[in-house]
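Colleague: I am new to this one and would like to go through it step by step. Could you begin with a term I will need?

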Amino acid sequence: MMYYKNLIVEIRDQVLWVKINRPKVRNALSLATLGELGRACTEYAAEPALKAVVLTGEGNESFAAGGDLKEFSAIRTAAQTEQLFDLASSVLDKIRKFPTPVVAAVNGWALGGGAELALACDFRVAAAHASIGYIHGRLNITCGFGGGADLMQLLGGSRAMLHGLTAKPLPALEAQRAGLFDRVAEEGERLESCVAGFLEPLLGQQPQVIRAYKAMASAAQQGLSGEERRAIEREWFVRTWTHADHWAAVDATMKK
Ligand SMILES: CCC(=O)SCCNC(=O)CCNC(=O)[C@H](O)C(C)(C)COP(=O)(O)OP(=O)(O)OC[C@H]1O[C@@H](n2cnc3c(N)ncnc32)[C@H](O)[C@@H]1OP(=O)(O)O
């Protein structure tokens, strides 16, 4: 296993848990943290038995309070800013393209780049006290991790624009009503239990079936052509059909 300074990474019951571990700065995303998130995606994408990833933040206060403002204040030129955008958006792309579903367990603030990180995940399950917001406008900037398209896709252009231009974090239930959160924990419910409940039906599927749906979702999200998407569906249908798990299920069904 690789060494991570800013993350806690562990596999439990075929689920990879990745925790951003910078609670003193509300899990702000430094360049090193972004780099480690990218490395973790590369390292674990090849684990064949993995069924899901949960991405969260250490502590109860913050999922990620955006880019590390102290570190990023040294970024002043257009070339440096382009480099930042390219690094951050390539890391978020690794999450979008990760072979299994990725759940953001939003344990508190998900702000700015932290909100973009949450939206790059396939699902968002939030603590009752969590909030999420594309608040970049407060710093007179726009989204900078390549998460604009995710917001447009989830909310639609006009509501996404309103959210970004309002630059105000939405509390959990409001975010759920808006479509930004898929599930919100009950008051007093542990976020980890809520995530486990959310994942339970999905984890009942075999890894190859889970990967097939993620591949199709990822192809749609990347805007691949109908033809390309059909080819991906065909490839996974063949893989799942010819897998021993399929024939075991057919035998079990026929014996009933
Ligand atoms: C890509 C560009 C972007 O991401 S733009 C969006 C950038 N993010 C922000 O503007 C959010 C800034 N942070 C905040 O609004 C607050 O810290 C939030 C998250 C609401 C938490 O408030 P509160 O619980 O009162 O904590 P606090 O403000 O006292 O912060 C505790 C320590 O954490 C630090 N911190 C916080 N956020 C960041 C950040 N984004 N980058 C770097 N450091 C951050 C604070 O400076 C503070 O540090 P210290 O204890 O004073 O040394």
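Modeller: Two strands are said to pair if DSSP finds at least two bridges between them. Please keep in mind that this is a predicted model.

Colleague: Fine. In which sense do β1 and β2 pair, and over how many bridges?

Modeller: Strand β1, residues 7–12, pairs with β2 in the antiparallel sense, and the pairing runs over six bridges. Ile11 stands opposite Leu16 in β2.

Colleague: How many residues lie between β1 and β2 in the hairpin?

Modeller: Two residues lie between β1 and β2 in that hairpin. Asp13, in the turn, has a positive phi of about 50°.

Colleague: And which strand pairs with β2 in the parallel sense?

Modeller: That is strand β3, residues 52–57, again with six bridges. Here Ile20 stands opposite Gly57 in β3.

Colleague: Is β2 mostly covered or mostly open?

Modeller: Strand β2, residues 15–20, is mostly covered, with five of its six residues buried.

Colleague: Let us change topic to the ligand. Which residues come nearest to the ligand?

Modeller: There are 19 residues around the ligand, and Arg26, Ala65, Gly67, Leu69 and Gly113 come nearest. The shell divides into 10 nonpolar, four polar and five charged residues.

Colleague: What lies 2.8 Å from an oxygen atom of the ligand?

Modeller: A backbone N or O atom of Gly67 does. For Arg26, an N or O atom of the side chain is 3.1 Å from a ligand oxygen. Lys70 has a polar side-chain atom 3.4 Å from an oxygen atom of the ligand.

Colleague: How much of the ligand does the protein cover?

Modeller: On its own the ligand has 960 Å² of accessible area, and the protein covers 64% of that. The elements that give two or more residues to the shell are α2 (69–72) and β6 (109–111).

Colleague: Now to Asp150. Is Asp150 buried or exposed?

Modeller: Asp150 sits in helix α5, residues 148–155. Asp150 counts as buried because its relative accessible area is 6%, and the cut-off for buried is under 20%.

Colleague: What does its side chain make a polar contact with?

Modeller: The side chain of Asp150 makes a polar contact with the side chain of Arg96, at 2.7 Å. Leaving out residues up to four places away in sequence, Asp150 touches Arg96, Leu119, Ala120 and Gln221.

Colleague: Which residues does Ser218 touch?

Modeller: With the neighbours up to four places away in sequence left out, Ser218 touches Arg96 and Lys97. Ser218 belongs to helix α9, residues 207–221, and is buried, with a relative accessible area of 9%.

Technical notes: Residues are numbered from 1 along each chain as its sequence is written. This is a predicted model: local features need pLDDT of at least 70, side-chain atom pairs count only at pLDDT 80 or more; totals for chains, interfaces and linings use all residues. Side-chain values use heavy atoms; hydrogens and water are left out. Helices (H or I, at least four residues) and strands (E, at least two) are DSSP runs, numbered from the N terminus. Buried means under 20% relative accessible area, exposed over 50%, partly exposed in between (1.4 Å probe, protein chains only). Contact means heavy atoms within 4.5 Å. A residue is near a molecule or strand if one of its heavy atoms lies within 4 Å of it. A polar contact is a pair of N or O atoms within 3.5 Å; within protein, one must be able to donate a hydrogen and the other to accept it, and residues adjacent in sequence count only if both atoms are side-chain atoms. Accessible areas come from the Shrake-Rupley method with a 1.4 Å probe; for residues, only the protein chains shown count as cover. Ala, Val, Leu, Ile, Met, Phe, Trp, Tyr, Cys and Pro count as nonpolar, Asp, Glu, Lys and Arg as charged, and the others, Gly among them, as polar.
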